[in-house]
Amino acid sequence: GERGLCVAVVRREWKLLHRLRRRLGRWLDLTIPQMARAERVALYEKLQSGSEWNFDFMTLIALSTGIAALGLLQNSGAVVIGAMLVAPLMTPILGAGLALVQGNWPLLKISGRAIAYGYLIALGIGYVLGRLFPIPQLTEQLVARGGPTLLDMGVAFLSGIAAAFCL
């Protein structure tokens, strides 16, 4: 034209779902505080050191298994929950999750080893305590722990999110 060149870009309209997802992503980026690089490095180092199999980890697993076994024999839900608080398994599980997200094979091996050894120690101690203190019939706590439901999975999932957020 007389005033110069005019250019227009025409694209089709974005679908509603795409617009909502983009708007939600922008809102989350602005609302949820982001960690600084130094904080991310410190968190990674904390997860890596907490995911290692060592004497402290083994001792806490043994103690928490003993507490849980006695709580199940006493039919005490509070004692069983207390044993869960003592157990150090959450850190290696979070470490394994981080390793899977990052594709970090060495951290996955460290975390996997701690989880596997912790499981084997808990299984062994549970077996020994079950043999030492036989019970004539199952307690309510044993029955409740023996048949997990989708609600139990939901509790575990939300607990894992809460633990990751707190860490």
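At what angle do α2 and α5 pack, and how far apart are their axes?

Reply: First, the ground rules. This is a predicted model, in which local features need pLDDT of at least 70 and side-chain atom pairs count only at pLDDT 80 or more, while totals for chains, interfaces and linings use all residues. Residues are numbered from 1 along each chain as its sequence is written, and side-chain values use heavy atoms, with hydrogens and water left out.

Now the pair. Two packed helices are described by the angle between their axes and the distance between the axes. α2 and α5 pack at about 125°, and their axes are 8 Å apart. The axes are lines fitted to C-alpha atoms, for helices over the stretch in contact, and the angle runs from 0 to 180 degrees between N-to-C directions. The helices themselves are DSSP runs (H or I, at least four residues; strands are E, at least two), numbered from the N terminus. The angle makes α2 oblique to α5. Under 35 degrees counts as roughly parallel, over 145 as roughly antiparallel, 65 to 115 as roughly perpendicular, and the rest as oblique.

α2 and α5 cross in a left-handed way. That term applies if the near helix is turned anticlockwise from the far one by less than a right angle; clockwise is right-handed. On the α2 side, the contact uses Tyr44, Lys46, Leu47 and Gly50. They meet Thr91, Pro92, Leu94, Gly95, Leu98 and Gln102 of α5. Contact here means heavy atoms within 4.5 Å. By class, this contact has 5 nonpolar, 4 polar and 1 charged residues. Nonpolar covers Ala, Val, Leu, Ile, Met, Phe, Trp, Tyr, Cys and Pro; charged covers Asp, Glu, Lys and Arg; the others, Gly among them, are polar.

α5 also packs on α6. The axes of α5 and α6 come within 8 Å and cross at roughly 150°. α5 and α6 are therefore roughly antiparallel. This crossing is left-handed. From α5, the residues are Pro92, Ile93, Gly95, Ala96, Leu98, Ala99 and Leu100. The α5 and α6 contact has 10 nonpolar, 2 polar and no charged residues.

Next, the space around α5. Rolling a probe the size of a water molecule over the atoms shows where empty space is left. A pocket is an open set of points on a 1 Å grid over the protein atoms alone, where a 1.4 Å probe fits, with protein on both sides within 12 Å along at least five of seven lines; lining residues have an atom within 4 Å of a point. Points are joined across faces, edges and corners, and the volume is the space filled by probe spheres set on them.

The second largest pocket holds about 370 Å³. Of its 13 lining residues, Met35, Leu43, Ala164, Phe165 and Leu167 are the closest to its centre. α2 (37-50), α5 and α8 each give two or more residues to this lining. α5 gives the most, with 4. The lining has 11 nonpolar, 2 polar and no charged residues.

The largest pocket has a volume of about 1400 Å³. Ala68, Val80, Ala83, Met84 and Arg145 are the closest to its centre, out of 36 lining residues. Elements giving two or more residues to this lining include α5 (90-102) and α6 (105-132). α6 gives the most here, with 8. By class, the lining of the largest pocket has 27 nonpolar, 7 polar and 2 charged residues.
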